[in-house]
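This report goes from the chain as a whole to selected strands, a helix and single residues.

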Amino acid sequence: MSTTNPSPLWQPTDEVIAQAQVTKFQAWAAERHGAPSDGGYEALHRWSVDELDTFWKAVTEWFGVRFSTPYARVLGDRSMPGAQWFPGGSLNYAEHALRAADTRADEPALLYVDETHESVPVTWSDLRRQVGSLAAELRGIGVRPGDRVSGYLPNIPQAVVALLATAAVGGVWTSCAPDFGARSVLDRFQQVEPVVLFTVDGYRYGGKEHDRRDTVAELRRELPTLRAVVHIPLLGTEAPEGALDWSALTSADVEPVFEQVPFDHPLWVLYSSGTTGLPKAIVQSQGGILVEHLKQLGLHCDLGPEDRFFWYTSTGWMMWNFLVSGLLTGTTIVLYDGSPGYPDTGAQWRIAERTGATLFGTSAAYVMACHKAGVHPARDFDLARVRCVATTGSPLPPDGFRWLHDEVREDLWIASVSGGTDVCSCFAGAVPTLPVYIGELQAAGLGTDLQSWDPSGKPLTDEVGELVVTNPMPSMPIRFWNDPDGSRYHDSYFDTYPGVWRHGDWITVTSRGSVVIHGRSDSTLNRQGVRMGSADIYEAVERLPEIKESLVIGVEQPDGGYWMPLFVHLAPGAVLDEDLLNRIKGTIREQLSPRHVPDEVIEVPGVPHTLTGKRIEVPVKRLLQGAPMEKAVNVGSVDNVELLRFYEELARARG
């Protein structure tokens, strides 16, 4: 991929740059902490990684982080894994998330939207009151700091209240979306042994009601550590026997009491997609998430009290936790519970219009689906308030950048961002003061020494290498649950380059400081020594209208050969004939590399994904190498196991 294109798609105006929080922060940090006063973002970023302790101290001061006991120093130990942040300091995440209630009591903290696309506000004062009431009830049930509290919930206001009440008492939150089946939920929750389960009776999706009472009954049977189950009647059913009623727990007028916990006290447990073995139970800290999200949302996303923040997500994806943290910046957050494309593909744009979203976040896949479906957002919706569209989940293809620019607005800030559940944040992405180049993320995040390395650990510029982070980030996991010696944590990120985080993505860091993501490095295509990320293939092939979705796998053969099939899920009515076959191969040959023309193009009934929507590449590769299903994949983490049988059969047929 070329990284020399000099003309940006979007350039912030002088006024936008002057008004950005990151500009004001830089001027303030120059005065107080010795940050460079000129040189713009590039100079600020260099300072933030060279003077890591000073940078993070400045972040806590700029955002007014309240330490109830002072910290001894910023970094007690900076070795990875095991960096020790703000030792001695105590605080509470939920206290910071509810601060705006003091000054903006009657303004909306939450806007809740269901598939009717009408929004229902929850004010800051009511959110604070509900959190206070529920936190008192949790303490009454006996929830103590460190106890785990779980939610089997859709993206509804009750989920936010439950998370904040859990954090207020020092409990550890963990959640799954109700479209997860019982086995997938138990694979996650049984690891952490929750004492409370918040649950709905069902959910609405795609215009239909989905009853989950049988699944809830199974969860209750299989989670022996539960002391209480709280019933939220989303579909209007009675609470099952022995369950507590949500409204009874949240009706009191009680000021929240915020347990002051150590900076590294667990806040929540997130789960990796867990495509093999049990999902990794990733533990992040109250303080680490607080300061990382303040930096990310306040400086990079430029969010504040005047903003409305909408990201399409579910409670089973880290982006939900990230969305909730919008409250830290005093921003109104938009919770949408429903199908991303109901009643039509333009649904998310309609929600952005009706809620007055200023930052609208979605998946790259949704943008491309709109592109293919001929959606015209600017023509059909009033998006005057949307100043930024952000995407994640997979790299946004160049066509996606162009489509947003052409179909939403020419002066639209397009922020393709990339991070991971593992840090619940972004390594690279949005910077309001930098230009946007087609197909590129704007820059590495502040305080994040993001580099591209070759196999020997040498940094690369304008070349594809491994995504590494050479200094600690506050939101890196404090540990994995049930990993007493830390070996699984170490092996996940630190076994390739000792003391340096290797994330498992191929990236290019350009000489301009922008970043290109090429897909997962553990499913990379390596033909005759030329490496290419799968995302590059998808971006090229899926421009063809006949291709609904694709999956490319590079399989090392026992004889030393290399088999690279491309699997295609065709659009309705399309046929994989000689003409289409030639156009697929020609597209890859001309746009990418003749070495990466697939050995075979195979039509498939569908492409399997994780429950968070990522294409399953590595497990399919293992199936094609002959691994049995139970060894190749955790079937509970897959959206459609039947699709995997196709690849298993193919491997068997190939012998």
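A residue is called buried when its relative accessible area is under 20%, exposed when it is over 50%, and partly exposed in between. The model is predicted, and in it buried residues make up 61% of the 655 residues of the chain.

**Overall form**

The secondary structure consists of 22 helices and 35 strands. For 655 residues, a compact globule would have a radius of gyration near 26 Å, and the 24 Å of this chain agrees with that. Along the principal axes, the C-alpha atoms fill a box of roughly 70 × 60 × 55 Å. Among contacts with a separation of 6 or more, 70% join residues 24 or more positions apart.

**Helix α14 and the strands around it**

Strand β18 (359-363) is one of the elements that cover the buried residues of helix α14. Four of the five residues of β18 are buried, so the strand is largely enclosed by the rest of the structure. β18 pairs in the parallel sense with β16 (residues 308-311) through three bridges, and F310 has F360 of β18 as its bridge partner. The pairing of β18 with β19 is also parallel and has five bridges; here L359 is bridged to C388 in β19.

Helix α14 spans residues 364-373, and its buried residues are A364, Y366, V367, M368 and C370. Their cover also includes α13 (347-355), β19 (388-392) and α16 (398-407). After α14 comes G374, with a positive phi near 70 degrees.

β21, β22 and β23 form an open antiparallel sheet, in the order β21-β22-β23. Its edge strands, β21 (418-420) and β23 (443-444), each pair on one side only. Two bridges connect β22 (residues 425-429) with β23, and G429 has A443 as its bridge partner in β23.

Which residues does W501 touch, leaving out those up to four places away in sequence? They are M80, D422, V423, F427, L467, V468, V469, M476, P477, Y489, Y493 and F494. W501 belongs to strand β27 (residues 501-509). Its relative accessibility is 0%, which means that W501 counts as buried. N482 is 19 residues from W501 along the chain, and the C-alpha atoms of the two are separated by 21 Å.

**Backbone exceptions**

Most residues other than glycine have a negative phi, and most peptide bonds are trans. The table lists departures from this pattern.

| Site | Backbone value |
|---|---|
| M80 to P81 | cis, omega near -5 degrees |
| Y342 to P343 | cis, omega near 0 degrees |
| D302 | positive phi, near 60 degrees |
| D462 | positive phi, about 60 degrees |

P343 is in the loop between β17 (332-336) and α13.

D302 sits in the loop between α11 (286-300) and β16, and D462 in the loop between β24 (450-453) and β25 (464-469). Is each of these aspartates buried or partly exposed? D302 has a relative accessible area of 13% and is therefore buried. D462, at 32% relative accessibility, counts as partly exposed.

Terms used
Residues are numbered from 1 along each chain as its sequence is written. This is a predicted model: local features need pLDDT of at least 70, side-chain atom pairs count only at pLDDT 80 or more; totals for chains, interfaces and linings use all residues. Side-chain values use heavy atoms; hydrogens and water are left out. The radius of gyration is taken over C-alpha atoms; the globule rule is 2.2 Å times the number of residues to the power 0.38. Buried means under 20% relative accessible area, exposed over 50%, partly exposed in between (1.4 Å probe, protein chains only). Contact means heavy atoms within 4.5 Å. Two strands pair if DSSP finds at least two bridges between them.
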